[in-house]
Amino acid sequence: MRLCGLVAAFGLGRSGVPLIGRIADFAYQHRNDYVRANLLSECAIAQARLGLRRGAMDLVGRYFELATTHLEEGRSGGQVSDLTFWVLESCTAAAVVVGETEKALEIARKTAELADEGLKARRRADDNSPTQFWLYQALIQVGEAALALGESEFAEDTFARALERVERDVSFDFDRVELLQKLAGGVKDLAGARRFELSSRILEGARTSCHELGDYGRDFLDKLVKLVADDVVRGESAYAMALKRWKGEEERLIRDRVSRDRIAAVDDEDEA
């Protein structure tokens with residue numbers, strides 16, 4: 001895990017790709033679900049942080065395919081590891097960093113589909129295992145990715161679905177408040193009045209859960225109230241929100257161009 005981070009930290013660039021690939025191959029064969037998920041997640045994030053222009057999305061896609069293949073094999077064998085959604089979450093985040101909006105959205109939508117299917121199956125089976133936390137966390141990451149990729153309606157729908165399920169199905173208070181905190185962080189970046197409706201529901205859900213958690217719950221609720229209140233008081237104007245959306249669109253266009261277009265000096269340096 002540390003080695004993955006060091007590959008990017010030392011700026012190994014293209015020479016670091018084979019090393020990350022070997023770690024991913026080792027991870028996929030590992031018998032321990034936690035080790036496998038942790039390493040594959042780190043591989044996806046490290047790949048995005050290498051800053052490579054060509055082929056980076058294909059490599060992130062490879063780690064995504066390894067995770068989905070493992071998930072499908074587990075389902076066919078009746079033994080699904082929810083930790084696999086940790087990998088899908090990391091691949092979704094990595095795809096946003098790399099750029100290529102269409103491919104990143106494809107990964108995000110597939111992650112949302114798999115998480116939705118998994119949560120529906122859990123509800124039908126009346127299974128409230130704590131490991132479903134990873135499915136919710138992946139779904140929330142999809143919402144954040146959709147916002148970063150300019151798909152605000154997709155993001156809003158994803159956050160709303162995640163919140164509804166957390167309110168209804170997550171019974172373990174510590175997991176519940178952590179997921180509500182993640183939701184609050186994503187919802188506050190939505191445009192329009194819907195973010196206030198969702199924020200209000202998040203606060204109400206947190207108030208109920210935090211009551212059972214003593215001092216920890218009170219401290220958590222104070223921080224969450226401050227997070228939401230700061231957003232409400234700041235109350236960005238329509239102009240400020242439009243400017244933020246414009247900047248976001250410009251950043252996405254730049255990332256897409258850098259990831260696809262041939263830049264002679266960079267390409268010649270890579271080939272050398």
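**View 1. The second largest pocket of this predicted model holds about 220 Å³ of space.** A pocket here is an open set of points on a 1 Å grid over the protein atoms alone, with protein on both sides within 12 Å along at least five of seven lines. Its volume is the space filled by probe spheres set on the points, which are joined across faces, edges and corners. Lining residues have an atom within 4 Å of a point, and here they are Met 57, Asp 58, Gly 61, Phe 64, Glu 65, Thr 68, Lys 103, Glu 106, Ile 107 and Lys 110. Helix H4 (56-76) and H6 are the elements that give two or more residues to this lining, and H4 gives the most, with six. Helices are DSSP runs of H or I with at least four residues, and strands are E runs of at least two, numbered from the N terminus. By class, the lining has three nonpolar, two polar and five charged residues; Asp, Glu, Lys and Arg count as charged, Ala, Val, Leu, Ile, Met, Phe, Trp, Tyr, Cys and Pro as nonpolar, and the others, Gly among them, as polar.

**View 2. Helix H6 covers residues 101-124.**

View 3. Glu 117 counts as partly exposed because its relative accessibility is 35%, between the cut-offs for buried (under 20%) and exposed (over 50%), with a 1.4 Å probe and protein chains only.

**View 4. Ser 90 lies in helix H5 (residues 84-98).** Is Ser 90 buried or exposed? Ser 90 is buried, because its relative accessible area is 9%. Leaving aside neighbours within four places in sequence, Ser 90 is in contact (heavy atoms within 4.5 Å) with Ser 41, Ala 44 and Ile 45.

**Notes for all views.** Residues are numbered from 1 along each chain as its sequence is written, and side-chain values use heavy atoms, with hydrogens and water left out. As the model is predicted, local features need pLDDT of at least 70 and side-chain atom pairs count only at pLDDT 80 or more, while totals for chains, interfaces and linings use all residues.

Note on methods. Expected span 1.5 Å × (residues − 1). 1 Å grid on protein atoms, 1.4 Å probe; cavity = no way out; pocket = protein on both sides within 12 Å on 5 of 7 lines; lining within 4 Å.
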